[in-house]
Amino acid sequence: MLHVESSPVNRDPETLAEFNRWYDEVHVPEMVAFEGYLSGRRLEPVGDDGPYIAQYVIEGDPEVILDRVKAASAAGELKMSETLQMNPTPKMRLMRVSFEHEKPRRTVP
């Protein structure tokens with residue numbers, strides 16, 4: 001899984017609306033279009049503090065998959081938004097599921 005923490009340049013209503021529109025309608029679809037990306041989702045902070053999180057489920061060699069995005073970004077092939085805070089830059093981390101537990105489903109007698 002690729003875990004990305006990012007923030008908008010500020011949190012006024014207009015900036016937040018554009019940041020979320022760009023992320024949902026442009027950036028996540030661009031990312032999921034890359035080979036090796038299976039899905040993407042976003043999480044937003046509750047309240048006004050903390051980063052926004054994007055999580056992408058990936059399949060294959062994580063370093064190769066991440067290198068594709070870095071190369072596309074360096075070549076200017078990704079549509080970026082002025083609402084994305086770049087100082088500090090978004091934090092990207094490769095993660096793997098180490099444990100998962102689901103609540104047992106009730107069976108009807």
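How many aromatic pairs does a search of the whole structure find? It turns up 6. Bear in mind that this is a predicted model. Some notes from going through it:

1. Start with the pair between Tyr 37 and Tyr 56. The two rings sit edge-to-face, with 5.9 Å centre to centre and 80 degrees between the planes. Tyr 37 belongs to strand S2 (residues 37-43) and Tyr 56 to strand S3 (residues 52-58), so this pair ties together parts that are 19 residues apart in sequence.

2. Are those two tyrosines buried or exposed? Tyr 37 has 6% relative accessibility, so it counts as buried. Tyr 56 comes in at 1% and counts as buried too. The cut-off here is under 20% relative accessible area.

3. There's an aromatic cluster to look at as well: Phe 19, Trp 22, Tyr 23 and Tyr 52 form one.

4. Now the largest nonpolar core, which has 21 residues. The members that touch the most other members are Leu 2, Tyr 23, Met 31, Phe 34, Tyr 37 and Tyr 56. Strand S1 (2-6), helix H1 (13-33), S3 and helix H2 (62-74) are the elements giving two or more residues to this core. H1 supplies the largest share, with 7 residues. As background, nonpolar side chains tend to be buried together in soluble globular proteins.

5. Leu 2 deserves a click in the viewer. Setting aside neighbours within four places in sequence, Leu 2 contacts Met 31, Tyr 37, Ala 54, Gln 55, Tyr 56, Leu 66, Met 92, Arg 93 and Leu 94. Both partners of the edge-to-face pair, Tyr 37 and Tyr 56, are on that list.

6. On to H2 and its length.

7. Which residues of H2 are buried? They are Ile 65, Leu 66, Val 69 and Ala 72. Looking down the axis of H2, these buried residues fall within an arc of 120 degrees, so they line one face of the helix. What covers them includes S1, H1, S2, S3 and strand S4 (91-94). Leu 66, for one, is in contact with Leu 2.

8. Finally, the two ends of H2. At its start, a side-chain oxygen of Asp 61 reaches to within 2.9 Å of the backbone nitrogen of Glu 63. Just after H2, Gly 76 takes a positive phi of about 75 degrees.

Notes: Residues numbered from 1 in each chain as written. Predicted model: local features only at pLDDT ≥ 70, side-chain atom pairs only at ≥ 80, totals over all residues. Heavy atoms only, no water. Phe/Tyr/Trp six-rings, centres within 6.5 Å; stacked < 30°, edge-to-face > 60°. Helix = DSSP H or I, 4+ residues; strand = E, 2+ residues; numbered from the N terminus. Buried < 20%, exposed > 50% of the residue type's maximum accessible area, 1.4 Å probe, protein only. Core = buried A, V, L, I, M, F, W, Y, C linked by side-chain atoms within 4.5 Å. Contact = heavy atoms within 4.5 Å. Arc of directions from axis to C-beta. Polar contact = N/O pair within 3.5 Å; in protein donor to acceptor, adjacent residues only side chain to side chain.
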